[in-house]
Amino acid sequence: MPETVRPLVLSVNGAPIAVQPGTTVAAAVLMAGAATRISIAGEPRAPLCGMGICFECRVTIDGVPHQRSCQILCRSGMQIDTGSSKAGEDYASWRRA
Amino acid sequence: MSSTADVVVLGAGIVGAACARECAARGLKTLVVDSGFVGCGATAAGMGHIVVMDDSSAQLALTRYAQQLWLALSPELPPEVEFEPCGTLWVADDAEEMEEVRRKHALYASAGIGSEILDAHALAEAEPQLRRPLAGALLVPSDAVLYPPAAAAFLMRAAMQAGALLLAPQKVLSAEKGCVRLASGEELHAARIVNACGAESVALLPELPIRKRKGHLVITDRYPGFIRRQLVELGYLRSAHAVAADSVAFNVQPRRTGQVLIGSSREFGAEDATIHRALLGAMVARAQQYLPRLADLHAIRVWTGFRAATPDKLPLIGPWPKDDSLFLATGHEGLGITTSLATAKLLVALLLGEDPPIPAEPYLPARFLSGSAQEDGVFAHAPEQSHA
């Protein structure tokens, strides 16, 4: 019987989620069914390169914006906010107006 | 091959585009020539701060008039111009600079420009990211920001809708005595030629008293709400007559996208667009003295551009006395975005022999042909200004 590893509990957009240690924040966000960021044109985005180059996976972690979630491992108690660029949303609706 | 027109405007930056729009609106057959594309020079490199400045009464008159024109035009500006009437906060570091705040407040009031004095507490409330303590600030609510290349494109479209033609990219070999010769071999004939080539104006008219003054800008990722107003230091006063040719000043702007645009630097004698790392470092350090948490923000791009600086910090608008066909609309240094619309009004009044909307004398190119302008000496003693 495999040894059970204690999961980490963190939150994505306020909802708790349990993940295995070693899980990246990008994976946790995908497991939670969220997009990572909102583009300047208002489009939801998700990780593309998975190696810290494309910057599509940026999320806000514990209040610090623009963190590359594919390069950061989950820690217990992390507060992750996605689609955090309110400016992107405002900007998109304003461009459409 | 040759074409004829009433006016040929050289340069499709924001000044050339504004002049073309005004010429075409007045029914003049207008050709515009640019070596690149619309707004590709200093227009694309600048901050886009629509600001009233008062280094001299002539500068105040021109920027005040220009600001009114922008406010009047703002309902017509398309969304991509990102016109945002966010106002300017002139930030005072100490009691001495608060004296300057009060002087500015009184001067603006006498010119009919509303402004408000903020004390240290009010300033901290208005801009929580600013370092504390600061002495206070002057808020000029009628100042604004916009995205200059989009504004230039809008003005050029308006010119073309009114009948102007744009020839670009086309390199100009010479422009004199009513004839513009292009590298393509074509000749354009017009009674009036307007040189609106900014820092490149001297390529066609080497005796113009214009020098390139290089600047750096940095833009960050999106941090909506980090700052709310355009923030500019008043501290340049104490270093106004500094001998050093290179200078930096705190001048930071919130963009509609949530990005933060960080300036400014001024540098004479630099001809290439390479990033000057030491000066860039000094510029960012200066900004961090006012906004300590800038250090936490991600910069995504750094670039440089060239202002067209004149010895007396006023643009050259009007006829060039040595050639009856030649008019100038250049030398705007850091105020070309602001003063483009006013420049166009003045220029067209002078082209058509009408009364200008504000007195034109301070900006007439003839002032540099009176024999008193020892170019290098005047430049060496010109006061610094903090605006980008």
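Residues are numbered from 1 along each chain as its sequence is written, and chains are lettered from A in the order in which they are written. Because the model is predicted, local features need pLDDT of at least 70 and side-chain atom pairs count only at pLDDT 80 or more, whereas totals for chains, interfaces and linings use all residues.

The predictor assigns the complex an ipTM of 0.73 and a pTM of 0.89. In chain A the mean pLDDT is 85, and 82% of the residues reach 70 or more. Residues 85-97 of chain A fall below 50, with 23 contacts beyond near neighbours in sequence. Where pLDDT is low, the predicted coordinates should not be read in detail.

Chain A contains two helices and seven strands; helices (H or I, at least four residues) and strands (E, at least two) are DSSP runs, numbered from the N terminus. The order of elements in chain A, starting at the N terminus, is β-β-α-β-β-β-β-β-α. Of the 97 residues in chain A, 31% are buried, a residue being buried if 20 or more other C-beta atoms lie within 10 Å of its own, exposed if 12 or fewer, and partly exposed in between, with C-beta atoms placed from the backbone. Among contacts in chain A with a separation of 6 or more, 45% join residues 24 or more positions apart.

Chain B has 10 helices and 18 strands. Its C-alpha trace spans about 65 × 45 × 40 Å along the principal axes. Buried residues account for 52% of chain B. Of the contacts in chain B with a separation of 6 or more, 75% are between residues 24 or more positions apart.

Within chain B, helix H1 (residues 14-25) packs against helix H6 (residues 148-161) at an angle of about 20°, with the axes 8 Å apart. H1(B) is therefore roughly parallel to H6(B), the term for angles under 35 degrees, with over 145 counted as roughly antiparallel, 65 to 115 as roughly perpendicular and the rest as oblique. Axes are lines fitted to C-alpha atoms, for helices over the stretch in contact, and angles run from 0 to 180 degrees between N-to-C directions. Residues of H1(B) at this contact include B:Ile14 and B:Ala17, and those of H6(B) include B:Pro148 and B:Leu155.

Helices H3 (residues 57-73) and H9 (residues 336-352) of chain B cross at roughly 85°, their axes coming within 8 Å. This makes H3(B) roughly perpendicular to H9(B). Among the residues in contact are B:Leu62 and B:Trp70 of H3(B) and B:Thr338 and B:Leu341 of H9(B).

B:Thr310 lies in the loop between strands E16 (299-309) and E17 (316-319) of chain B. B:Thr310 is buried because 27 other C-beta atoms are within 10 Å. Its contacts, leaving aside neighbours within four places in sequence, include B:Pro209, B:Ile210 and B:Glu333.

Terms used. Two residues are in contact if their C-beta atoms, placed from the backbone, lie within 7 Å. pLDDT is the predictor's confidence in each residue, from 0 to 100.
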